Amino acid sequence: MIGPNLAILIGFGSLLLLCLLRVPIGLAMGASGILGFGLMTGFEPAFKLLSHSVISTFSDYTMGLVPLFILMGTVAVASGMSGELFRAAQLWLGNFRGGLAVATVASCGGFAAICGSSAATAATMTRVALPEMKKHGYSERLATGVIAAGGTLGVLIPPSIALAVYGLLTQQSVGLLFMAGVIPGIIAIAMYMLVVKVWLAVRPQDAPVGQQAAMRERLSSLTRLGPIMLLILFVIGGIYGGLFTPTEAGAVGAAGAIAIVALGRRLSWKTLFSSLAESVRMGAAILLIMAGAVLFGYFLAVTETPQKAAQLLIDANLGRYGTLLVIIGIMLVLGCLIDALAVVILIVPLVYPIVMQLGFDPIWFGVIVTMCVELGLITPPFGLNVFVIKGLSKRTDIWTIYKGVTPFIIVDLLRIGLLIAFPSLVLFLPDMAR
């Protein structure tokens with residue numbers, strides 16, 4: 001047995017070492033948690049904890065919403081719905097200078113509502129939108145910057161996996177968190193579109209003027225997307241209205257997406273199997289991270305790490321908002337280095353008690369957390385979305401992508417500041433439902 005301070009050093013040191021060795025974050029957190037817990041209480045209770053907590057995490061009914069929402073998105077991706085979404089946005093928004101870039105932002109927002117994953121949104125739009133923008137003479141910097149930034153909308157716009165995981169970790173209503181993400185998501189889309197307009201006012205040579213589409217084509221594009229958009233509204237509305245729980249909503253969404261794609265004759269057995277396999281892979285990875293976080297959480301509890309961290313920040317006399325800014329800074333740095341969902345799972349158990357002690361709303365803080373990890377997806381040196389685009393567009397220089405995404409990073413920081421100054425932008429819809 002050792003003291004709690006030494007256990008904290010060993011636990012966090014082993015976690016850092018395992019991450020540097022590229023051990024999956026779920027396994028790293030689980031192993032570090034068991035090691036620290038065992039050093040504090042003995043390894044026999046630690047191994048008993050390992051067997052019980054992992055099984056209880058995997059068998060938790062509420063965890064079912066994660067793979068179900070993922071399945072909804074994978075079916076939409078495999079069916080080619082992303083191409084139709086971009087085509088519709090192109091027809092409605094592509095008739096002015098930079099219209100394809102604005103259409104890319106809009107289609108990223110729409111696809112995020114189906115998919116819930118930033119990496120998947122960035123990868124899909126790189127395949128769909130980047131060739132179109134290059135073909136029409138858009139600069140590579142603008143085209144890749146728009147896709148990298150637009151991909152981050154997958155973290156925020158409901159149904160958001162990150163918001164759902166935050167709700168599971170903090171025992172907050174997933175439905176209220178989804179409501180809270182709506183207005184900030186709309187603000188994000190509007191601000192990204194504004195960046196494109198300002199960019200082209202300064203550098204008009206980076207994008208041509210688009211062509212006017214016929215009204216018949218525009219309306220036809222909406223009819224093809226109508227069923228899936230109605231499904232999304234029904235799923236989210238059902239959660240808000242208490243018609244079903246978030247887990248049941250995930251099942252409705254997955255079954256509805258499969259039915260819509262099948263009725264549209266875009267679903268083959270191969271597509272269905274690949275969608276199921278992908279949802280199992282992604283869902284298993286997320287559940288493994290959750291199980292590791294639970295084990296690491298027991299280690300944090302037995303060493304009283306959250307209480308010590310809270311006392312340390314309080315003793316620093318930074319004030320309510322000064323402490324919040326320190327927490328946001330930590331999340332931004334971590335978001336640059338590791339997976340966004342892993343940041344949520346790792347940092348929330350530590351900082352959540354501090355934030356509650358400071359008197360901030362837990363639903364509001366969930367959106368702030370999500371926005372911070374979202375920003376990390378495009379921030380140097382390890383922005384995940386940047387590497388996704390680079391991997392799919394091998395001839396593009398990575399510094400071109402970073403230069404293209406820089407104006408969007410600045411706007412994201414302004415958006416975080418806006419929501420801190422005016423929390424009612426986040427809480428307006430949840431307060432109406434409470």
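Colleague: How do the residues lining the second largest pocket divide into nonpolar, polar and charged?

Modeller: This is a predicted model, in which local features need pLDDT of at least 70 and side-chain atom pairs count only at pLDDT 80 or more, while totals for chains, interfaces and linings use all residues. Residues are numbered from 1 along each chain as its sequence is written, and side-chain values use heavy atoms, with hydrogens and water left out. The second largest pocket has 24 lining residues, and those nearest its centre are Leu168, Leu169, Thr170, Gln171 and Val294. With Ala, Val, Leu, Ile, Met, Phe, Trp, Tyr, Cys and Pro counted as nonpolar, Asp, Glu, Lys and Arg as charged, and the others, Gly among them, as polar, the lining divides into 14 nonpolar, nine polar and one charged.

Colleague: Which element gives the largest share of the lining of that second largest pocket?

Modeller: The second largest pocket holds about 500 Å³ of space, and the elements giving two or more residues to its lining are helix H3 (43–58), helix H10 (161–170), H14 and H17. Helices here are DSSP runs (H or I, at least four residues) numbered from the N terminus, and a pocket is an open set of points on a 1 Å grid with protein on both sides within 12 Å along at least five of seven lines, whereas a cavity is a set where a 1.4 Å probe fits but cannot get out, and lining residues have an atom within 4 Å of a point. The largest share, seven residues, comes from H14.

Colleague: What is the volume of the largest cavity?

Modeller: The structure holds one cavity of 30 Å³ or more, and its lining consists of Met29, Ala293, Phe296, Gly297, Leu300, Ile345, Leu346 and Pro349. Helix H14 (269–303) and helix H17 (340–357) each give two or more of these residues, and the lining divides into seven nonpolar, one polar and no charged. Taking volume as the space filled by probe spheres set on grid points, which are joined across faces, edges and corners, the largest cavity has about 30 Å³.

Colleague: Are H12 and H13 roughly parallel or roughly antiparallel to each other?

Modeller: Helix H12 (residues 215–240) and helix H13 (residues 246–263) pack at an angle of about 170 degrees with their axes 9 Å apart, the axes being lines fitted to C-alpha atoms over the stretch in contact and the angles running from 0 to 180 degrees between N-to-C directions. Angles under 35 degrees count as roughly parallel, over 145 as roughly antiparallel, 65 to 115 as roughly perpendicular and the rest as oblique. H12 and H13 are therefore roughly antiparallel.

Colleague: Is threonine 247 buried or exposed?

Modeller: Threonine 247 is found in helix H13, and, leaving aside neighbours within four places in sequence, threonine 247 is in contact (heavy atoms within 4.5 Å) with Tyr61, Thr62, Gly64, Leu65 and Leu68. Buried means under 20% relative accessible area, exposed over 50% and partly exposed in between, with a 1.4 Å probe and protein chains only. Because its relative accessibility is 7%, threonine 247 counts as buried.

Colleague: Which residues does aspartate 412 touch, not counting residues up to four places away in sequence?

Modeller: Aspartate 412 is found in helix H20 (residues 398–421), and at 1% relative accessibility aspartate 412 counts as buried. Beyond the residues up to four places away in sequence, aspartate 412 touches Tyr192, Glu374, Leu375 and Ile378.
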